[in-house]
Amino acid sequence: MGLLNRLDDPFEGGGIILGKVEDLLNWGRSKSDWYLHFGLACCAIEFMALNASHFDFMRFGTIPRTSPRQADFIMITGTVTLKMADRIKILYEQMSEPKYVISIGSCSNCGGPYWEHGYHVLKGIDRIIPVDVYVPGCPPRPEAMEEGMIKLQKLIREQALFNGKDRIEELEAKKALKI
Amino acid sequence: MGETNFLIKLLGDNLITVLLISALPLGFLVVYALLAILGELKISAWMQERVGPMRTGWKGVLQPLAEVIKLIQKEDITPDAANKPLYNLAPYIVFTGAYAAFAVIPFSEFFVPSGINLGLFYIFAVGSIGAIGIVMGGWASNNKYTLLGAMRSVAQLISYEIPGAMAILSIAVLSSSLNMQEINKAQTGWFWNWFMFGGPGSYEKLWVIPFTLGLTLIYMIASLAETNRTPFDIPEGESELVAGYHTEYSGMKFAMFFFAEYANMFVVAAVLVTAFMGGWNSPFGSFLSGPLWGAFWFIGKSFFVIFVQIWLRWTLPRLRVDQLMYLGWKILLPVSFICFLFVSLFRMLN
Amino acid sequence: MLANEIYEILKKEFGDGILEFKEEAPSDPYISVEPSKIFDICHTLRDSSELMFDYLMCLSGLDLGESLGIVYHLYSFKHTHKIVIKTTVPKETPTLPSVMHLWRTADWHEREAFDLYGMIFSGHDNLIRILLPYDWEGYPMRKDYNEPEEYHGMRVPY
Amino acid sequence: MNETKKIQLEYSQMESDRMRLNVGPQHPSTHGVLRLEVEIDGEIVTEVIPHIGYLHRCFEKHCEKMTYPQVIPYVDRLDYISAMNNEWPYVMAVEKLLEIKVPEKVEYIRVIMAELNRIANHQIAVATFGLDAGAFTPFLYFFRDREYILWIMEKCSGARLLFNYFWIGGLAHDVYPSFKQEVLDAIKQVRKTNAEVMNLLIYNKIFIDRTANIGILPADVAINYACSGPTLRGSGVKWDLRKDDTYSIYNRFDFNIPVGKGEVGQLGDCWDRNIVRMYEMEESCKIIEQAVAQMPDTGDVKEAIPAKLRPPKGAEIYQRAENPKGELGFYVVSNGTEKPDRIKARGTSFVNLSVLPVISKGYMFADLILILGSIDIVLGEVDR
């Protein structure tokens with residue numbers, strides 16, 4: 001169990017059959033994305049609106065999970081302060097592989113309106129954890145968050161599992177960031 | 001032994017048959033679990049003016065399949081501080097408890113994996129195995145939330161088993177059997193022959209109908225509590241206990257818990273259908289009855305009960321743990337005793 | 001009751017403890033007092049039957065350059081009147097009595113003033129940082145505060 | 001029920017092992033990034049220590065570096081659920097410092113916007129409170145209706161959540177032609193859903209069992225802790241800044257102040273705090289109807305916006321207004337330049353939250369979540 005435990009040591013070779021298997025596995029992962037229910041600031045309210053009837057985030061096959069162990073991706077919705085940053089790092093480490101990060105809103109992308117005088121604001125979540133998709137806006141509209149979700153699904157579908165060059169590079173980049 | 005299984009008649013008493021008999025419910029369970037997950041997603045969406053999963057296959061019908069493929073691939077984390085043997089064993093024990101109950105569930109007149117005479121007793125016996133798994137998992141995770149969830153779960157299961165068992169015991173009295181097939185056979189005929197409506201009999205059964213209806217309701221409530229569904233989902237109450245006893249589980253082990261919950265839902269629905277709603281009997285006398293129709297009615301009725309469970313989940317708020325105990329011990333238990341008394345009296349006088 | 005009447009009452013009772021009364025539009029009228037007397041003055045303000053200030057609207061810290069200021073905005077439910085009490089403490093020894101035991105709401109307000117300005121409220125039960133992490137250095141709302149370069153290995157400036 | 005409470009208290013005094021539980025900052029029902037350090041004895045809460053500051057975004061420091069109009073977007077981000085209501089006291093404070101008279105039409109639009117936003121805020125408050133109790137469906141019904149209100153605000157200001165609509169002396173934009181009709185339509189929808197939720201959630205037996213008789217906040221404690229808004233009114237204190245310290249044009253409207261009456265349990269319990277919000281939505285609807293009827297059609301919303309913003313040196317003012325959550329005040333000190341010397345925000349949620357340790361002791365752990373939900377906090381305002 002846990003086929004992707006060893007993403008850092010992928011199978012050699014591959015071919016048509018493995019290619020098809022890879023497609024199937026990626027399809028499953030991209031269509032069933034459970035997210036960590038985690039609201040930080042203003043963007044979390046828009047995120048709640050995204051979950052509600054008008055926008056219906058569950059259309060994409062997402063299910064909110066409250067435990068990081070069961071989540072596939074985490075949405076950082078809002079300003080990350082230095083007091084919070086340590087916690088987010090721990091949360092990210094608690095999630096099970098394969099895991100992804102969507103950064104929602106200017107604050108978590110780069111500090112947003114607090115970039116200059118915010119002595120207690122982390123200027124960009126990518127300083128502590130690797131980010132897969134950025135969604136700009138302050139706060140982004142729910143439609144923009146949906147677009148971010150579609151981007152993430154596309155990214156997962158195109159990932160190489162068995163010949164895993166890109167993935168290796170990615171993992172090495174993660175290692176270089178020391179997380 | 002009760003009825004001979006039709007597979008034994010068909011293929012003879014050999015190893016293949018035995019394997020087939022045990023594998024058929026598993027196959028059914030897998031298909032059913034996928035359907036139930038999809039049903040839960042779609043029914044909740046429909047009740048909340050949403051559309052539910054839309055982008056996986058036609059109208060999202062492949063969604064549960066995608067979930068399974070995803071869950072197989074997820075990393076399997078065992079926390080450092082956990083007690084590893086217990087932690088790893090727990091999900092399988094929970095699932096075993098749920099799956100073992102399938103051994104006596106009569107899907108139709110001709111297919112019951114094992115028609116033992118103590119069918120109802122057996123179901124209650126193996127139903128408690130799940131609680132051991134839950135408390136094992138909750139304790140072994142070495143997390144305060146899981147421990148709280150496990151404790152609550154066990155307290156709840158034990159309290160609600162008694163009124164549930166009293167309700168079933170009344171049916172045993174009415175049908176003078178613990179064999180599930182016998183109980184089903186006693187209810188043959190139109191739907192007013194169901195034990196929900198007092199069982200077969202003439203006008204003198206009218207005064208027992210309120211009690212049997214009450215027992216049906218009691219069993220329904222107790223079964224919700226046993227499967228940890230809202231309004232009794234406090235062991236995994238998301239608003240306070242994060243995810244309850246399975247907070248630390250990931251990947252396939254979490255899927256086992258998930259799977260066991262849905263399997264349990266079917267088991268309690270099946271018992272309810274067998275004991276109170278005529279089992280595989282057609283509601284319309286001999287109309288549309290037969291070996292395959294029997295399976296159809298049985299599964300159809302069970303799905304209806306499951307639908308009611310899902311319906312309640314998305315409608316009602318959750319109870320608090322002490323209120324749950326209050327309801328179980330101070331209301332359901334005395335009421336079920338009273339109903340049992342009157343049902344026994346009725347049986348004695350007839 | 002008008003602000004100047006409140007001032008008269010306080011002046012009669014505390015004499016030198018009351019420093020100044022100022023009322024000019026558009027500002028709110030305020031009374032500035034000695035910092036060491038603040039607890040007694042607030043006690044009178046809360047409990048005297050004609051004043052009855054039972055509601056502390058706001059407690060703010062200020063940086064006035066050489067000294068630090070504390071401003072109390074009070075309101076009375078019974079008489080529906082307001083008053084502003086001001087006091088200053090030197091930056092080197094910013095100590096003054098706490099009013100936490102008069103109005104419990106002052107608990108968090110005083111902790112916040114301590115957190116951001118570094119005033120010491122003597123008599124406060126639990127004077128620890130409230131908004132910033134417990135291991136933070138410096139008092140960020142002071143005008144001469146400089147942002148730290150790094151916190152727990154994370155770079156702070158953009 | 002009192003008997004149960006007594007047993008709980010007796011039980012909590014027994015000698016037994018206690019567990020320290022860390023609720024948050026990542027927890028589904030802390031309404032953001034609040035962290036509660038909870039000591040529990042079995043299921044009984046014996047101590048609660050809130051740790052805040054996980055969203056401290058240095059609002060007050062930013063105010064010192066920005067000019068007066070530039071502060072408005074930061075004010076929005078305090079209580080991000082009711083941004084219009086946040087802007088109002090700040091804008092009023094600066095207008096008072098500059099002694100600006102705001103045009104009639106602007107006042108009416110401000111009232112309508114603030115009351116619409118009050119409804120939107122209470123919808124979220126009641127919805128998340130229901131969610132804490134485990135009822136998911138009313139949450140979605142409220143969010144569906146909230147969208148109708150947001151659409152009106154979006155058409156006026158261009159933003160869905162953080163509007164920057166109230167400017168000093170006026171408004172950012174005039175309203176659009178069909179504004180009045182759409183507001184009335186939205187109100188109709190709000191009333192319809194409120195009636196539905198009253199049946200589905202508020203008078204549900206399980207919901208009453210869960211929320212009545214817990215988290216009792218006596219009126220004197222509430223005042224001593226300076227609670228305000230529905231938290232104070234739930235304890236039976238009839239006090240609303242719109243009537244008692246009236247500002248803008250609220251004295252022209254006819255509306256009631258709903259207070260908790262202890263209808264299903266003791267006065268000042270969670271259910272009372274919640275029902276006050278439900279009734280307040282109705283009162284807001286009444287105010288909006290009157291405002292729409294009285295609002296002048298002509299007028300320039302930008303005529304009083306000053307070209308130069310320099311309040312007199314040393315001038316200072318504390319202006320408060322009735323936020324949906326309670327009293328929101330801004331203490332503005334000017335130093336004669338176009339940048340303020342100091343702005344202190346008296347966060348409603350900050351003050352209301354400080355009462356939590358007092359009212360949650362001796363109840364069950366599941367009740368703690370509901371008590372927290374009934375105070376209706378927004379962490380942006382707690383931490384600023």
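Predicted model: local features only at pLDDT ≥ 70, side-chain atom pairs only at ≥ 80, totals over all residues.
**View 1. Where chain A meets chain B.** On the chain A side, 36 residues take part in the contact, and chain B brings 35 residues to it. Put together, the two chains bury about 3,100 Å², with 57% of that on carbon and sulfur atoms. If you like to sort the residues by class, the side of chain A that touches chain B splits into 15 nonpolar, 13 polar and eight charged.

View 2. How many salt bridges turn up across the interface of chain A and chain B? There are four. One to zoom in on joins the side chains of Asp56(A) and Arg50(B), with N to O at 3.0 Å. On chain A's side, the elements that supply two or more residues are α1 (16-31), β2 (62-65) and α5 (142-157). Of these, α1(A) gives the most, with six residues.

**View 3. Where chain C meets chain D.** Here 38 residues of chain C touch 43 residues of chain D. The pair buries about 3,400 Å², and carbon and sulfur atoms account for 56% of it. Which residues of chain C lose the most area to chain D? Look for Pro26(C), Trp108(C) and Leu131(C), which together make up 21% of what the chain C side buries.

**View 4. Polar pairs between chain C and chain D, and the elements behind them.** Six salt bridges cross this interface. One of the pairs in a salt bridge is Lys143(C) with Glu64(D), whose closest N and O atoms sit 4.0 Å apart. The polar contacts between chain C and chain D number 23 residue pairs, both members at pLDDT 80 or more. On chain C, two or more residues come from each of β3 (55-63), β4 (67-75), β5 (82-90) and α3 (106-117). The largest share belongs to β3(C), with eight residues. Sorted by class, the side of chain C that touches chain D holds 23 nonpolar, six polar and nine charged residues.

**View 5. The buried residues of helix α2 in chain C.** This helix spans residues 38-47, and its buried residues are Ile38(C), Ile41(C), Cys42(C), Thr44(C) and Leu45(C). Why are they on the same side of α2(C)? Because they cover an arc of only 160 degrees around the axis. What do the buried residues of α2(C) pack against? Their partners in chain C are α1 (3-14), β1 (18-22), β2 (30-33), β4, β5 and β6 (95-97).

**View 6. Ala41(A), a loop residue with partners in two chains.** You'll find Ala41(A) in the loop between β1 (33-36) and α2 (42-51) of chain A. Is Ala41(A) buried or exposed? Its relative accessibility is 2%, so it counts as buried, the cut-off being under 20%. Setting aside neighbours within four places in sequence, Ala41(A) is in contact with Thr77(A), Gly78(A) and Thr79(A) in chain A, and with Leu55(D), Arg57(D) and Tyr80(D) in chain D. Take Gly78(A): it is 37 residues away from Ala41(A) in sequence, yet the C-alpha to C-alpha distance is 4.6 Å.

Technical notes:
Residues numbered from 1 in each chain as written. Chains lettered and ligands numbered in written order. Heavy atoms only, no water. Contact = heavy atoms within 4.5 Å. Buried area = accessible area lost by both parts, 1.4 Å probe. Helix = DSSP H or I, 4+ residues; strand = E, 2+ residues; numbered from the N terminus. Nonpolar A, V, L, I, M, F, W, Y, C, P; charged D, E, K, R; others polar. Polar contact = N/O pair within 3.5 Å; in protein donor to acceptor, adjacent residues only side chain to side chain. Buried < 20%, exposed > 50% of the residue type's maximum accessible area, 1.4 Å probe, protein only. Arc of directions from axis to C-beta.
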